[in-house]
Every structure is written in C-alpha cells, then in structure tokens.
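Here is a short report on one protein model.

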Amino acid sequence: RIQRICTEAWAQGAPATQEDLAVLLGCHRSTITRDIAEMKGQGIEVITRGDVTDQGRGVSHKRTIIRMYLLGWPPTEVAKRTGHALESVERYIGPFFRVASLHVDGKGVAALCRLTKLSQGLVQEYLDLYRELTSDHVLSEPLAKRLQFFAEGLLPLGKKGGKP
C-alpha cells in the first residue's frame, strides 16, 4: 500500500511525505519510516517527497529555497517547484533576511535570538548560510541587494505584501 500510494502521488506531481502516509494508513510516522527502509532494503522503489527534495535528518530546504529566491524565482514559483506551501517558503525567507540584516548591523547571536525569537540553533544555521552565500560568486550580489531592500523595508515577503 505504501508503494502504491507513493507511486500514485508521484505520478500526480506531488510526492507524498512520510507524514502523509502515516495519516492515510492510520499509523505513526516511525512505522512508515521503518517500513520504507525495509522495502528499500529489499530493492523495492518507494519515492517520497524527502527522496525528491533531498530532505532527511539534518537536511533542510532552507538553503535550496533561499538560493532559488536569490536567483530571482518569486516565492510562489519556489513553493511550486519545491513542493512547499507559500507560507512555508516565506517562513524560510523572512527570518533568514531578519537574521542576516541584524547580523550585518553587528548584532551577536544572543541578540539575534532575542530580537527574532528564533532558537540559537536556527540563528546559527541562518548565519552559516549567510556566510556561505556571501562567498558564492553568483549569489553574493543578489544577496547584498536583497539585504539592502530588506533593510529599507522594500522587500515584500510578508503575507500582506509588507515587511515580514
């Protein structure tokens, strides 16, 4: 049943998540995880959203989404291409720019956590991504421009088109 559901979801252009499968089959996500691992161990192809988007333990779509955004993709297209809801895409982009902007203004990690209400781990993840992007010869310029727009309140990311 897991394989059939995954194949049908993939054919419709929206790979199922393990959470989707757990809800559909009335079991816990850990059961789905274990069953998929066993099936893959037997050579049975099971494609979930995590396989398609390289999502896994410790892997997040933040980098992919923010990179796509910096390359000029509008959030709606980023959402469509990554299989995320627009709100999720905006939840990655907005906090990243808040952290990066405050970091550029000289705020330390503790202040960033307090001002953004984000965990230290998430702030650190955004700071690492910011450093990675500033050294990327393709993305450093779009990053600088978007940060300037963000700082000036011109970057429309919020649900109502305003500053997030």
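The sections below go through these topics in turn.

## Basis of the report

This is a predicted model: local features need pLDDT of at least 70, side-chain atom pairs count only at pLDDT 80 or more, and totals for chains, interfaces and linings use all residues. Residues are numbered from 1 along each chain as its sequence is written, and side-chain values use heavy atoms, with hydrogens and water left out.

## Helices H2 and H3

Helix H2 spans residues 18-25 and helix H3 spans residues 29-41. Helices here are DSSP runs (H or I, at least four residues), numbered from the N terminus. H2 and H3 pack at an angle of about 110°, and their axes lie 8 Å apart. Axes are lines fitted to C-alpha atoms over the stretch in contact, and angles run from 0 to 180 degrees between N-to-C directions. The two helices are therefore roughly perpendicular to each other (65 to 115 degrees).

From H2, the contact takes in Gln18, Glu19, Leu21, Ala22 and Leu25. They meet Arg29, Ile32, Thr33 and Ile36 in H3. Contact means heavy atoms within 4.5 Å. The residues of this contact divide into five nonpolar, two polar and two charged. Ala, Val, Leu, Ile, Met, Phe, Trp, Tyr, Cys and Pro count as nonpolar; Asp, Glu, Lys and Arg count as charged; the others, Gly among them, count as polar.

## Salt bridges

How many salt bridges are there? The count comes to eleven, where a salt bridge is a side-chain nitrogen of Lys or Arg within 4 Å of a carboxyl oxygen of Asp or Glu. One of them joins the side chains of Arg29 and Glu19, at 2.7 Å from N to O. This pair links distant parts of the chain: Arg29 is in H3 and Glu19 in H2, ten residues apart. Arg29 is partly exposed, with a relative accessible area of 37%. Glu19 is also partly exposed, at 42%. Buried means under 20% relative accessible area, exposed means over 50%, and partly exposed lies in between (1.4 Å probe, protein chains only).

Arg67 forms a salt bridge with Asp136, with the closest N and O atoms 3.4 Å apart. Arg67 sits in helix H5 (residues 62-70), while Asp136 sits in the loop between helix H9 (120-134) and helix H10 (140-151). The two are 69 residues apart. Arg67 is partly exposed at 25% relative accessibility, whereas Asp136 is buried at 19%. Arg63, Arg67, Glu132 and Asp136 are linked in a network of salt bridges. Arg34 and Asp35 form another salt bridge, their closest N and O atoms being 4.0 Å apart. Asp35 is partly exposed at 25% relative accessibility.

## Cysteines

The structure holds zero disulfides (pairs of cysteine sulfur atoms within 2.5 Å). Cys6 is buried, at 1% relative accessibility. Cys113 is buried as well, at 17%.

## Helices H5 and H6

Which residues of H5 are buried? They are Lys62, Ile65, Ile66, Met68, Tyr69 and Leu70. Their cover includes helix H6 (75-82), helix H7 (86-104), H9 and H10. Gly72 follows H5 and has a positive phi, near 105°.

In H6, the buried residues include Pro75, Glu77, Val78, Ala79 and Thr82. H5 and H7 are among the elements that cover them. Just after H6 comes Gly83, with a positive phi of about 75°.

Notes. Angles under 35 degrees count as roughly parallel, over 145 as roughly antiparallel, 65 to 115 as roughly perpendicular and the rest as oblique.
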